[in-house]
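Subject: Structure handover

Dear colleague,

Please find the structure below. My notes on it follow.

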Amino acid sequence: MLEVINLTKKYAKTLAVDQVGFTVPDGRVGILLGPNGAGKSTVIKSIAGLLRYQGTIRIQGKDSRTVEAKRHFAYVPELPCLYDALTVREHMEFITRAYGVKVSEEEIGELFERFELTDKQDKLGNELSKGMMQKVSICCALITSPDVILLDEPMVGLDPAAIKELKTVILELRDKGCTVLISTHMLEMVKELWDVTFVMDKGHILGTYTREDVANEDLEELFFAVTGQGEKSAESRKAQSAAEQDSAESGR
């Protein structure tokens, strides 16, 4: 379980996140949705332990800052950051040693096969494309068998086959009781994955919705209605249409 309670973060005098709170239970996929500048990155980095903040974050009931909590937690950042001098295989070995987990050769091989990394095992971190780096980052998170996993825009840079495989993995994790939180603005990518969605804008959670609550309502329409982005898009379309009409008339 992941619990965020009264999370507040300021950058100098700017209040980026104001008393944000939400919970993702075991065996559920949570989606943190919001436009650019909504505060999603601040929330994500706070959960991952990359920022100082006010409030409380618990992972499996433990304070997220503790080593014990971190042993239950895995994080896939939006921008993968690998060690230049380590091979793909050595990244996996480093992570398993750091977490103190024992993993068989078969388990590592299966992950490599699923994400088409089998023939990339001896490649150094600085020899990989962004998409390959993202795959390695995902594999490093999965190899620890986390109870809670956080994925920040995980499908950016992935090829269609890897996106399909990642979606399958996410559903498998959920079925095993893992808590999954995905931060994204790519609604189309997560429409079949989510169990609970937190719509965020201007540093606040504007609404929390479960799939059962919204029934057949489209997630995209719900997001636009809550954030007002749909109204802005409609206004933009009207303005563009008017401009095109004026241009056509002036050209006659």
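A residue is called buried under 20% relative accessible area, exposed over 50%, and partly exposed in between, with a 1.4 Å probe and protein chains only. By that definition Q19 is exposed, because its relative accessible area is 55%.

The model is predicted: local features need pLDDT of at least 70, side-chain atom pairs count only at pLDDT 80 or more, and totals for chains, interfaces and linings use all residues. Residues are numbered from 1 along each chain as its sequence is written, and side-chain values use heavy atoms, without hydrogens and water.

Positive phi values

Most residues other than glycine have a negative phi. Q19 has a positive phi, near 50°, and sits in strand β2 (residues 14-24). Helices (H or I, at least four residues) and strands (E, at least two) are DSSP runs, numbered from the N terminus. K202 is not a glycine either, and its phi is positive at about 55°. K202 belongs to the loop between β9 (196-201) and β10 (204-210) and is exposed, at 66% relative accessibility.

Helices α3 and α5

Helix α3 (residues 88-99) packs against helix α5 (residues 130-142) at about 25°, with the axes 9 Å apart. The α3 helix is therefore roughly parallel to α5; angles under 35 degrees count as roughly parallel, over 145 as roughly antiparallel, 65 to 115 as roughly perpendicular and the rest as oblique. Axes are lines fitted to C-alpha atoms, for helices over the stretch in contact, and angles run from 0 to 180 degrees between N-to-C directions.

On the α3 side the contact (heavy atoms within 4.5 Å) is made by V88, H91, M92 and I95, and on the α5 side by V136, C139 and C140. By class, six residues of this contact are nonpolar, one is polar and none is charged. Nonpolar covers Ala, Val, Leu, Ile, Met, Phe, Trp, Tyr, Cys and Pro; charged covers Asp, Glu, Lys and Arg; the others, Gly among them, are polar.

D213 is in helix α8 (residues 211-214) and is exposed, with a relative accessible area of 57%.

In helix α9 (residues 219-227), the buried residues include L219, L222, F223 and T227. These four are on the same side of α9, because they cover an arc of only 115° around the axis, taken from the directions from the helix axis to the C-beta atoms. E221 and A225, on the other side of α9, are exposed.

Regards
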